[in-house]
Each structure stands twice: as C-alpha cells, then as structure tokens.
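Hi,

Here is the model I promised to pass on.

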Amino acid sequence: MFKTVEWRNDSVRLIDQRILPDKEEYLDFTTHEDVAFAIRDMVVRGAPAIGVTAAMGAAIGARAINNGSNGAFMEEFDKVIATLAEARPTAVNLFWALDRMRTLALANSDKTTQEIKDLLDKEAVKVYEEDLTINKTMGENGATLLDDGDTVLTHCNAGALATAGDYGTALGVIKAAHLAGKRISVLADETRPWLQGARLTTWELMKEGIPVQLICDNMSGSLMRKGKIRKIVVGADRIAANGDVANKIGTYMVAALAKMNGIPFYVTAPLSTIDFGTESGDYIPIEQRSPSEVTSIMGKMSIAPEGAEALNPAFDITPNELVTAIITEKGIARAPFTESLARLR
Ligand code: MRU
C-alpha cells in the first residue's frame, strides 16, 4: 500500500500526487520552505494531509533554528509558521496544525530550545497518528448511513491521499461500509481542472477493490435524475460554525442537484476541519489558482486558444441547507448545525 506522508526524522516523505496515477514516486523535503512548496504545488493536497504535512514542516523548521535564547527561538519559529501558513488559504487544517505547534512551543517556554524542538518532533508524529485514528472512527460512524447495494457519488479525492493515509474522510465512509460487507459501488466525478477524482479517487478505490466508475463532472445531474445515485459523500476543506461547507469546486452544483432530486448529501470531516471562529461560508477565503490549469490538461495539452482567459476558483461554498449531515469522529451532526456542531466540539 502507498504512504501519503511519512515522518523520516530529518525529512518529510510525500508521494508525488502531481504525477499519479502514471508514476508512484516519493519525494523527500528537508526544509520548511520546501515543505511549503510541496503544499503550494500540490505534491500533497487534501485538507487533513496538508495539516499533517504542515505540522511536520514546522518541526523541521524548528530544528534548523540555532539553539539560543527562547525569545530568539520563538521569533524565528514564528517566521517558519508564517512561511507554511502562506502555502494555501482555504483548508483550515493547515492553520489548525500550525496553531497547535506554536501553542505547544509557547506552553513550554520554560524548557531549553533543544527540549522544545524534541517536543515539536513528537507533536508532529502525534498529529499524524491521531489523523489515522480519527479517519477510521469517522469511517465507521458514516458507514451506518450507507446501505447494502448503494451507489455513492463522490467528488474530488477525500481518501487516503487526502489525509495521513489509510481510510481518508469520505472514502473512509465507503471503505468502512465495504469492509462491513455492504456492496457499495462508487461513481467518481473526474473533478476538473486538477482531476483529483479521475487520477486519485479511481486509483485508490481500484487498489482497495471497491467497484468504481469514473464520470465527467457534467454527468452527475442526469444520473441523479435517472435514479442511478443513491447517496453522495464528500469531504471538506473548511466548515463554518453554521455548517456551510467549503470543498472542491463543483461540490455546490452536486449538492444543489442532490436536493432537487431528494438524494442525501453527506459531508465527512474531522473536527480539525470545522472553523468555529468563522460564522458562515461567506467569510471563508477561496483559493484562486492559475488559469493555465483550466486552459490545459495537467499542463500537458492545451485545450483553449493561445491567450484565452480563464477563471480558476479552487473551492466553492455549499450552504448548510443543502447538507443532510456532517459526519465527524465525535458523531453525526444534523441541522441546525450551529448547535449540533458546537455540541461535538
Ligand atoms: O485542492 P485539493 O486537492 O487540496 O482539494 C481537496 C478537496 O477539496 C477535498 O475534497 C477535501 O480536502 C476533503 S479531503 C479529506
């Protein structure tokens, strides 16, 4: 089985998601600047995986700081955190993980800088290990919502590749149901423009032996209307306190059509993806990526005239009224989400 992210003591090893499924290659990143690049350039992607990688990047950055006074260490460590925080704006797990590392360093300011560095190393591994456990629990919680024989639509990649590994979030629900003996088949949206669904979700599910069929993004509405989709399960990059969900661009269209066709629309995310400090989706920053991702297929083949302009918002907001339930490691939340999510905190 592949490893999404791996702590190697003096480096972070990542499977290069930019070239999957053509090549299964691993890259080692030895500085926090390089880790920030890996996140920005999407060597690693998916909200929980970004959080885990950032925690490891912070530990690596801390290590490179000269042992001096604690005040000078914290000043340098804040620069490390700032560099990593600039990598991508939408997935809140990035900021959650960096805040956790910074808070730990501050809480141990009475220790030597070497001791603080050792604690940060251990914390990064803890963030990784916790993510694995949380995903399994989430999967088991969510599997109760799937029935034998269901065809489930998913969008983007919310599997092992989007997390520390193993279960993933939305795909964890499908995997847990599959392991429980339910016959689940999956329809995977290709997820233009970066093709996370085509390249990553189908690859993962085929490796797991879970039946999957790839569809273009513009096919799901018609399939819903024809009764070919029983349930929808997606992940999230950030969920506001009121249950509005930021997820991969195209999720909103899927959710709106699900509502219109009476199909349950489930979101699976760990509590680290819930941004209780953000009141609604209106305040979630949406990453704008290069138009070249839209005007070409993975930078390989141009599909628009030379010089064509394009828009490339990487995420959209699904308003909470379109969400049937949010599956977390602490349980399943339903409307009204402001109250139900707060209870799980
Ligand atoms: O741009 P990406 O590939 O990082 O976006 C990822 C997604 O939108 C996933 O659906 C989301 O992070 C949930 S993954 C557990």
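Charges first: the protein chain carries 37 positive and 46 negative charges, and their mean positions sit 5 Å apart. Bear in mind throughout that this is a predicted model.

On the overall build, I get 11 helices and 16 strands in the protein chain. The radius of gyration comes out at 20 Å, close to the 20 Å from the globule rule for 345 residues, so the chain is as compact as a globular protein of that length. Along the principal axes, the C-alpha trace spans about 65 × 50 × 40 Å. As for burial, 56% of the 345 residues count as buried. The chain exposes about 14,500 Å², with carbon and sulfur atoms supplying 52% of that area. If you take the contacts between residues at least 6 apart in sequence, 74% of them join residues at least 24 apart.

Now for the individual residues, starting with Arg289. You'll find Arg289 in the loop between β11 (274-275) and α10 (292-295). Is Arg289 buried or exposed? Its relative accessible area is 16%, and the cut-off for buried is under 20%, so Arg289 counts as buried.

Met42 is in the loop between α1 (32-40) and α2 (47-63), and its relative accessible area is 1%, so it is buried. The backbone is worth checking there too: phi of Met42 is near 70°, a positive value in a residue other than glycine.

Back in the loop between β11 and α10, there is also Thr278. At 11% relative accessibility, Thr278 counts as buried. Setting aside neighbours within four places in sequence, Thr278 is in contact with Arg238, Ala240, Ala241, Tyr283 and Ile284.

Next, the loop between β5 (185-189) and α7 (196-208), where Arg192 is found. A polar atom of the Arg192 side chain lies 3.0 Å from the backbone oxygen of Val294. Not counting residues up to four places away in sequence, Arg192 touches Asp217, Ile249, Glu293, Val294, Ser296, Ile297 and Ile303. For a sense of distance, Arg192 and Leu104 are 88 residues apart in sequence and 39 Å apart in space, C-alpha to C-alpha.

Leu195 belongs to the loop between β5 and α7 as well. Leu195 is buried, with a relative accessible area of 11%. Its phi is near 65°, which is again a positive value in a residue other than glycine.

Then there is Leu271, in the loop between β10 (265-268) and β11. Leu271 is buried at 15% relative accessible area. Which residues does Leu271 touch, not counting those up to four places away in sequence? They are Thr328, Glu329, Lys330, Leu344 and Arg345.

Last, the cis peptide bonds I noted. One joins Leu20 and Pro21, with omega about 0°, and Pro21 lies in the loop between β2 (12-15) and β3 (26-29). Another runs from Ala335 to Pro336, with omega near 0°; Pro336 is in the loop between β16 (331-333) and α11 (337-344).

That's what I have so far. Over to you!

Cheers

Key:
Residues are numbered from 1 along each chain as its sequence is written. This is a predicted model: local features need pLDDT of at least 70, side-chain atom pairs count only at pLDDT 80 or more; totals for chains, interfaces and linings use all residues. Side-chain values use heavy atoms; hydrogens and water are left out. Helices (H or I, at least four residues) and strands (E, at least two) are DSSP runs, numbered from the N terminus. The radius of gyration is taken over C-alpha atoms; the globule rule is 2.2 Å times the number of residues to the power 0.38. Buried means under 20% relative accessible area, exposed over 50%, partly exposed in between (1.4 Å probe, protein chains only). Contact means heavy atoms within 4.5 Å. Accessible areas come from the Shrake-Rupley method with a 1.4 Å probe; for residues, only the protein chains shown count as cover. Lys and Arg count as positive and Asp and Glu as negative; His and the chain ends are not counted. The place of a charge is taken as NZ of Lys, CZ of Arg, CG of Asp or CD of Glu. A polar contact is a pair of N or O atoms within 3.5 Å; within protein, one must be able to donate a hydrogen and the other to accept it, and residues adjacent in sequence count only if both atoms are side-chain atoms.
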